[in-house]
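Here are my notes on the two-chain model you sent.

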Amino acid sequence: MFGVLLVTLLLTVALVGSNMDTILKQGIIFQVRSEITDNPSIVKSFTNPEDFEKFVQQKIDERIGTLGLDTPWYSPQRIGYTMLKIMMLDFGNATFLTSDSGSSNVGDILLEKIPKTVLLFTTATIIISIIGILLGAASSSKIGSKTDRLTSTFAIISSSFPVWWIGMLMIFVFAFVYQIFPARATPDIEPSEPGYIISLLYHMTLPLITIVLIGFGSWAYLVRNFMVGVMQEDFITAKKIMGINKKKIVYRHALKNAAPPIVTVLALSLSGSLGGAIITEAVFDWPGMGRLYFEAISVMDLPVIIGSTYILTVLFLISIFISDLLYGYFDPRVRTGT
Amino acid sequence: MSSLSTDDIKHEFGKSVLGITGLIIISSLIMISVITAITVPASTFQEWNNPEKWLDYPKTSIPIWVNYFTLEKIPEHKIITPNVIQSNSDNVYLVSQQFFADFEYDDFPSDFVYEFKTRYTNSHLVSVNLIRPDGIVMHLLTTTLPFSENETIYKQRIFSTDAMIKKNIMMKSNIFAFDVSKMTVTDIVFSDISENKVLKGNYTFVVNTYEVDSKSEIINSRIILGGKAFGFMGTDELRRDLAIGLLWGTPLALFIGVSVAIGSVIVGLVYGVYSGYKGKKTDEAMMRFNDVIYALPALPFLIILSVTISNSIFLIIGFLMIFSWVGIAKISRSMSLQIKTRQYVEAARIMGQKDSKIIFKHIIPQLLPYAFASIAISVPAAITTEAGLSFLGLGDPTFPTWGQILHDANTYGAAAQGFWWWIIPPGLLIAITGLAFVFIGNALDAIVNPKLKR
């Protein structure tokens with residue numbers, strides 16, 4: 001698991017490394033030139049422009065040397081140093097973007113954005129899984145019934161619609177045709193004011209509805225398929241013969257047995273939705289990680305890109321880890337030792 | 001899993017309504033692609049991002065078929081070509097061009113433009129008149145083209161906003177029963193004389209060209225009557241005909257989806273089967289590598305890749321493959337673990353056949369039905385992911401994909417301004433294409449995994 005983190009980091013750094021160097025070097029050249037031109041006495045001490053150019057170049061090289069930019073970005077000590085710094089969660093300073101409070105430290109920016117993404121997507125996933133599990137269980141208990149067929153059809157149809165397109169339609173319908181919800185999901189009042197939480201929740205409604213609408217169908221379908229497998233097992237048949245209430249069988253016994261795979265998929269879909277958040281948040285303008293990532297990409301703010309990729313991977317891995325733990329908890333068969 | 005013959009699959013597939021629906025949708029999409037490739041010249045879509053190409057078209061106009069459903073008819077955008085009559089008397093050559101427009105709408109046209117290109121020598125006089133349905137002739141403009149001794153080619157656009165036109169009309173303003181001084185030219189000339197309402201009927205623009213001695217040649221000339229409805233799918237903010245973008249998007253989407261799906265399924269299948277068949281340390285190492293790729297967040301990486309390396313459509317297809325073979329590799333590994341314990345595989349091994357031959361001849365054919373099902377199932381994901389990348393503005397700008405049309409719609413605030421014809425069709429097409437493949441995939445899946453059917 002730690003290896004995955006390292007690989008992710010290495011890949012990210014490798015991909016953006018050369019760009020980062022060019023940008024840094026250009027920054028230095030600009031800096032040196034402006035420092036020299038700001039100081040007229042230096043300019044005056046040169047008689048011919050060639051000498052002056054030489055002097056400037058020398059200064060630039062000096063500066064690049066002290067910052068260690070003269071070795072290429074892929075040299076082991078530089079990559080090692082960059083990765084070590086990132087692993088200690090020190091992402092440096094963003095080039096362009098700032099947090100709402102004005103800090104340009106990448107860590108601060110991320111800290112501000114993560115809770116909002118987690119708030120939106122965890123809420124959505126919880127709602128989706130509750131609806132999905134109930135609906136899936138209901139349709140698996142009556143295979144071939146109307147509910148079942150409706151669920152399956154809805155699942156297939158909804159899974160092939162892109163969430164962000166539905167988002168655009170929802171904005172179109174509910175923000176402009178019927179003005180119920182705001183079009184931009186960014187709350188319009190300051191975080192310090194008392195009504196902020198309510199405003200945030202109000203702005204969250206439209207994206208939440210969209211995500212749930214698209215998500216729950218395929219969830220129900222998944223749960224149904226797991227449940228169908230469980231419902232065919234002998235112990236269920238035995239319970240049926242014993243005359244136990246069918247509802248009780250479905251919700252108490254079958255669901256419990258179908259739980260391990262469901263939980264695994266739940267954790268994975270939660271983390272998967274974090275990645276998908278980029279587009280969804282861009283559509284709804286939700287002030288979370290995804291939009292930050294999109295903004296960072298569009299202005300090529302490399303420290304932010306590296307930082308958020310890292311954090312996304314960490315979140316992803318944490319959810320895989322939790323799902324592994326939960327699997328062991330729900331399915332005693334995979335427990336080892338005492 | 002039991003082995004299925006191709007005939008069995010065909011037979012079972014024929015029974016599945018969804019599968020057949022999917023096939024029908026896909027074949028019609030393929031038909032559309034073929035027809036597009038034949039009828040719409042490729043140059044039009046290469047010019048997609050060239051604004052000059054689309055100047056003649058109206059801005060964000062509604063599709064024309066909307067007029068069938070509304071009571072108030074929205075004026076259509078018309079590009080009218082002339083009917084040319086030539087005559088001469090006393091060395092004065094007269095070329096009279098007539099442009100007929102049947103105007104039966106409930107709103108005024110937004111503007112009109114007379115666009116022409118002629119070859120002439122000496123001087124050249126052009127006069128533009130409009131004959132209205134009620135017989136009144138409105139003199140719009142008389143102008144001379146610049147004198148030239150040699151033969152020249154002259155190109156001009158005369159707009160209805162021209163100050164001369166307004167001036168000429170104001171001379172006749174007394175025939176209108178209302179004050180016209182503050183109105184636009186189109187609102188005046190297309191109006192009823194008693195009240196300011198559209199006068200419906202046949203309008204004729206007459207453009208007369210007079211010249212002495214020499215004969216000139218009109219290379220092309222037309223009148224564009226600006227409206228608010230155009231084409232089958234309407235146009236966007238940059239005046240592009242959306243029908244062309246949508247049509248050309250079809251083969252692109254199919255190409256992206258199918259090639260990503262086929263590529264990743266083949267890679268995943270071979271990788272998984274090899275890993276499962278070899279077992280032991282090879283298996284362990286290969287599966288760890290698989291886990292690493294699996295744990296990478298796909299979309300952020302796709303974004304970084306397309307930004308830093310290239311956003312060429314072929315490379316994006318490659319990047320999409322990198323992230324989509326993993327799941328298939330896992331499943332085919334577990335399947336090959338089962339198959340390799342079968343006796344015929346063992347027999348082949350004891351006979352001393354090469355590993356590669358066993359894998360390709362004995363194991364993979366067993367997995368083919370599953371492979372086809374997963375190809376069909378992974379197409380929609382590829383299409384939506386590519387559309388998503390394009391939507392973020394990271395797609396290949398040389399090809400108008402559906403995602404890109406939606407990206408433009410989003411940047412120009414189509415939702416806020418109510419341009420539904422710009423948002424709904426591309427997304428719907430993405431969804432329908434995806435749906436068709438899901439239908440086929442599910443139908444195949446039900447045959448391959450009979451457990452789900454109950």
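1. Helices and strands here are DSSP runs, a helix needing at least four residues and a strand at least two, numbered from the N terminus. On that basis chain A reads α-α-α-α-α-α-α-α-α-α-α-α from its N terminus on. That comes to 12 helices and zero strands. Please keep in mind throughout that this is a predicted model.

2. Of the 338 residues in chain A, 46% are buried. Taking the contacts in chain A between residues at least 6 apart in sequence, 70% of them join residues at least 24 apart.

3. A:T280 lies in helix α10 of chain A, which covers residues 246-284. Is A:T280 buried or exposed? Its relative accessibility is 8%, and the cut-off for buried is under 20%, so A:T280 counts as buried. Leaving aside residues up to four places away in sequence, A:T280 touches A:F121, A:V163 and A:I211.

4. The next helix of chain A, α11, spans residues 289-299, and its buried residues include A:M289, A:G290, A:R291, A:L292, A:Y293, A:A296 and A:I297. As background, an α-helix has 3.6 residues a turn, so residues three or four places apart point the same way. Just after α11(A), the backbone at A:M300 takes a positive phi of about 55°.

5. Now the interface. Contacts between the chains involve 42 residues of chain B and 45 residues of chain A. Together the two chains bury about 3700 Å², and 82% of this area is on carbon and sulfur atoms. How many salt bridges does the rule find across the interface of chain B and chain A? The count is zero. For polar contacts, the count between chain B and chain A is one residue pair, with both residues at pLDDT 80 or more.

6. The side of chain B that touches chain A draws at least two residues from each of α7 (280-295), α8 (298-308), α12 (355-391), α13 (402-411), α14 (414-417) and α15 (420-448) of chain B. The most come from α15(B), with 12 residues. Sorted by class, this side of chain B has 32 nonpolar, eight polar and two charged residues.

7. Over all chains, the ring rule gives 22 aromatic pairs. In one of them, the ring centres of B:Y57 and B:F230 are 4.7 Å apart and the planes stand at 35°, so the pair is tilted. The two residues are 173 residues apart: B:Y57 sits in the loop between α3 (42-46) and β1 (78-80) of chain B, and B:F230 in the loop between β7 (217-226) and α6 (242-278) of chain B. Both B:Y57 and B:F230 are buried.

8. B:F190 and B:Y203 also form a tilted aromatic pair, at 4.6 Å centre to centre with 45° between the planes. B:F190 is in the loop between α5 (185-189) and β6 (201-212) of chain B, while B:Y203 is in strand β6 of chain B, and the two are 13 residues apart. B:F190 has a relative accessible area of 0% and is buried. B:Y203, at 0% relative accessibility, counts as buried too.

9. Finally, which residues form one aromatic cluster? They are B:W65, B:F69, B:Y412, B:F419, B:W420, B:W421 and B:W422.

Key:
Residues numbered from 1 in each chain as written. Chains lettered and ligands numbered in written order. Predicted model: local features only at pLDDT ≥ 70, side-chain atom pairs only at ≥ 80, totals over all residues. Heavy atoms only, no water. Contact = heavy atoms within 4.5 Å. Buried area = accessible area lost by both parts, 1.4 Å probe. Salt bridge = Lys/Arg side-chain N within 4 Å of Asp/Glu carboxyl O. Polar contact = N/O pair within 3.5 Å; in protein donor to acceptor, adjacent residues only side chain to side chain. Nonpolar A, V, L, I, M, F, W, Y, C, P; charged D, E, K, R; others polar. Phe/Tyr/Trp six-rings, centres within 6.5 Å; stacked < 30°, edge-to-face > 60°. Buried < 20%, exposed > 50% of the residue type's maximum accessible area, 1.4 Å probe, protein only.
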